[in-house]
Amino acid sequence: MNIPSQLKILGRVIGVSIISMPSEYLGEYSPDDMTIKLSSAITDRPVLEETFIHEIVHAINDIVGFELKLQNVLEEVADDGEVQGDEAFNLEEEKTDMFSKVLYATIIDNKLF
Ligand SMILES: [Zn+2]
């Protein structure tokens with residue numbers, strides 16, 4: 001899979017960089033500056049590609065607005081307004097992770113790249 005320095009999702013340009021990150025992170029999508037960051041510490045190519053897909057799913061959810069809607073609904077069942085570490089954040093991560101794994105497998109199994 002080609003990992004470009006930027007990609008377009010529904011006409012929006014998303015920057016992509018592979019950089020040094022804290023060891024607990026594989027990647028990150030930042031909605032504020034619309035960038036995807038991937039950890040340069042990842043040595044396993046499939047892990048890097050699957051992480052890239054994971055962050056693309058976050059970007060799509062952000063652009064389409066699904067994530068915010070889901071987040072608002074989930075915040076109602078979560079105990080507090082904090083995001084990181086609470087139930088809403090974890091469910092969002094689980095959903096994104098499952099979706100991106102299936103998307104990645106579909107791309108590979110069908111030789112889409
Ligand atoms: Zn995530």
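In what sense, parallel or antiparallel, do β3 and strand β4 pair, and over how many bridges? The views below take up this pairing and its surroundings in a predicted model.

**View 1. The chain as a whole, with its elements in order.** The chain holds 3 helices and 4 strands, and from the N terminus on these elements follow the order β-β-β-β-α-α-α. Of its 113 residues, 19% count as buried, and among contacts between residues at least 6 apart in sequence, 38% join residues at least 24 apart. The mean pLDDT of the chain is 84, with 83% of residues reaching 70 or more; among the elements, β4 has the highest mean value (97), whereas helix α2 (residues 66-77) has the lowest (68).

View 2. Strand β3 (residues 27-30) and strand β4 (residues 35-39) pair in the antiparallel sense over 4 bridges, which answers the opening question. Within this pairing E28 stands opposite K37, and Y29 stands opposite I36. The hairpin has 4 residues between its strands, and M34 takes a positive phi near 50 degrees there. In a regular strand the side chains alternate between the two faces of the sheet; in β3, G27 and Y29 belong to the covered face, while E28 and S30 belong to the uncovered one.

View 3. The 4 strands form an open sheet in the order β1-β2-β4-β3, with mixed pairing. Its edge strands are β1 (6-9) and β3, each of which pairs on one side only, and the twist averages 20 degrees from one strand to the next. Helix α1 packs on this sheet, where it touches β1, β2 (12-19), β3 and β4, and its direction makes about 20 degrees with that of β3.

**View 4. Helix α1 and the residue that follows it.** With 20 residues, α1 reaches 28 Å from its first C-alpha to its last, close to the 28 Å expected at 1.5 Å a residue. Just after the helix, G65 takes a positive phi of about 95 degrees.

**View 5. The largest nonpolar core.** In soluble globular proteins, nonpolar side chains tend to be buried together. The largest such core here has 10 residues in all, namely I14, Y29, I36, L38, F52, I53, I56, V57, A59 and Y104. Both β4 and α1 (45-64) supply at least two of its residues, and the largest share, 5 residues, comes from α1. One core member, L38, is in contact with I18, G27, L48, T51 and F52, when neighbours within four places in sequence are left aside.

View 6. Not counting residues up to four places away in sequence, I3 touches V16 and F52. The C-alpha atoms of I3 and V16 are separated by 8.0 Å, although the two residues lie 13 residues apart along the chain.

Technical notes
Residues numbered from 1 in each chain as written. Predicted model: local features only at pLDDT ≥ 70, side-chain atom pairs only at ≥ 80, totals over all residues. Buried ≥ 20, exposed ≤ 12 C-beta atoms within 10 Å, placed from the backbone. Pairing = 2+ DSSP bridges. Core = buried A, V, L, I, M, F, W, Y, C linked by C-beta atoms within 7 Å. Contact = placed C-beta atoms within 7 Å. Axes fitted to C-alpha atoms, helices over the stretch in contact; angles between N-to-C directions. Expected span 1.5 Å × (residues − 1). pLDDT = per-residue confidence, 0-100.
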